[in-house]
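Trainee: Could we go through this model together? I would like to start with the helices and then move on to the sheet.

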Amino acid sequence: MPFKDELEHTRAYLAVEQAQFEDVLFVDFDTPHTLFRVPPLTLQPIVENAVKHGMKSSSDPIHITVTTRKTASAYEIIVEDDGYGYNPVKDNEPHTALKNIRQRLEMMCKGTLTITPREGGGTVVIVSIPQ
C-alpha cells in the first residue's frame, strides 16, 4: 500500500479522536517522504496505540508526532508521544496489534519495528522499510 494512503487513513482516524479529545490530544506531522510502500494497517494501529496507551487520563494532554525520514538504506516512520510510556516488563497486555505489524513488516518487505522509551517520558516507535 502506498504510504501516502496509509497516512491519509491515519489522519482521518486522528480527526475523529481529536474531535473527542480536542483539548488534550495534539498531533504534528513532519512527513516529507511519502513515496514508498508499507503493509496495510502499519501506521494507523501504531498511532492508535499511542492515543490509547499514551493518555494517563482523559484530562492530561498528550502530544504525538508522526515523522518520516529517508536514510541511505531505508525509509523510516517515527511515531513519538509524550504520554504514559511503554514498559513491556510491567505491561501484561498481549499487544497483538504490534506483534501483527512486526510480522507483516518482516514478511512483506523485510521491515522492522522497534519500540523504545522516550527521553522525558512517552514512547518512540520506529518502522524501518528497506529501500
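Mentor: Let us begin with a crossing, keeping in mind that this is a predicted model: helix H1 passes helix H2 in a right-handed crossing.

Trainee: At what angle do H1 and H2 pack, and how far apart are their axes?

Mentor: H1, which covers residues 3–20, and H2, which covers residues 43–54, pack at an angle of about 30°, and their axes are 8 Å apart. Angles under 35 degrees count as roughly parallel, so H1 is roughly parallel to H2.

Trainee: Which residues meet there?

Mentor: From H1 the contact takes in Phe3, Glu6, Leu7, Thr10, Tyr13, Leu14 and Glu17, and these meet Leu43, Gln44, Pro45, Val47, Glu48 and Val51 in H2. Sorted by class, the contact of H1 with H2 has 8 nonpolar, 2 polar and 3 charged residues.

Trainee: Okay, sheet next. In what order do the strands come?

Mentor: The sheet is an open one of 5 strands in the order S1-S2-S3-S5-S4, with mixed pairing. Its edge strands are S1 (25–30) and S4 (112–117), each of which pairs on one side only. On average, neighbouring strands of this sheet are turned by 15° against each other, with direction ignored.

Trainee: And where does H2 sit relative to that sheet?

Mentor: H2 packs on the sheet and touches S1, S2 (62–70), S3 (74–81), S4 and S5, while the direction of H2 makes about 20° with that of S3.

Trainee: What about H3, which strands does that helix lie across?

Mentor: Helix H3, residues 96–109, lies across S4 and S5 and runs at about 140° to S4.

Trainee: Let's take the pairings one at a time. Do S1 and S2 pair in the parallel or the antiparallel sense?

Mentor: S1 and S2 pair in the parallel sense, over 6 bridges, and within this part of the sheet Asp30 stands opposite Thr67 in S2.

Trainee: How many bridges join S2 to S3?

Mentor: There are 7 bridges joining S2 to S3, and these two strands run antiparallel. They form a hairpin with 3 residues between them, and Ile64 stands opposite Asp81 in S3.

Trainee: In which sense do S4 and S5 pair?

Mentor: S4 and S5, the latter made up of residues 123–130, pair in the antiparallel sense over 6 bridges, and Pro117 stands opposite Thr123 in S5.

Trainee: One more topic, the backbone. What is phi of Leu41 near?

Mentor: Phi of Leu41 is near 55°, a positive value in a residue other than glycine, and Leu41 is found in the loop between S1 and H2. As background, most residues other than glycine have a negative phi.

Trainee: And where does Lys110 lie?

Mentor: Lys110 lies in the loop between H3 and S4, and the phi of Lys110 is near 60°, again a positive value in a residue other than glycine.

Methods: Residues numbered from 1 in each chain as written. Predicted model: local features only at pLDDT ≥ 70, side-chain atom pairs only at ≥ 80, totals over all residues. Heavy atoms only, no water. Axes fitted to C-alpha atoms, helices over the stretch in contact; angles between N-to-C directions. Helix = DSSP H or I, 4+ residues; strand = E, 2+ residues; numbered from the N terminus. Parallel < 35°, antiparallel > 145°, perpendicular 65-115°, else oblique. Left-handed = near helix turned anticlockwise from the far one by under 90°. Contact = heavy atoms within 4.5 Å. Nonpolar A, V, L, I, M, F, W, Y, C, P; charged D, E, K, R; others polar. Pairing = 2+ DSSP bridges.
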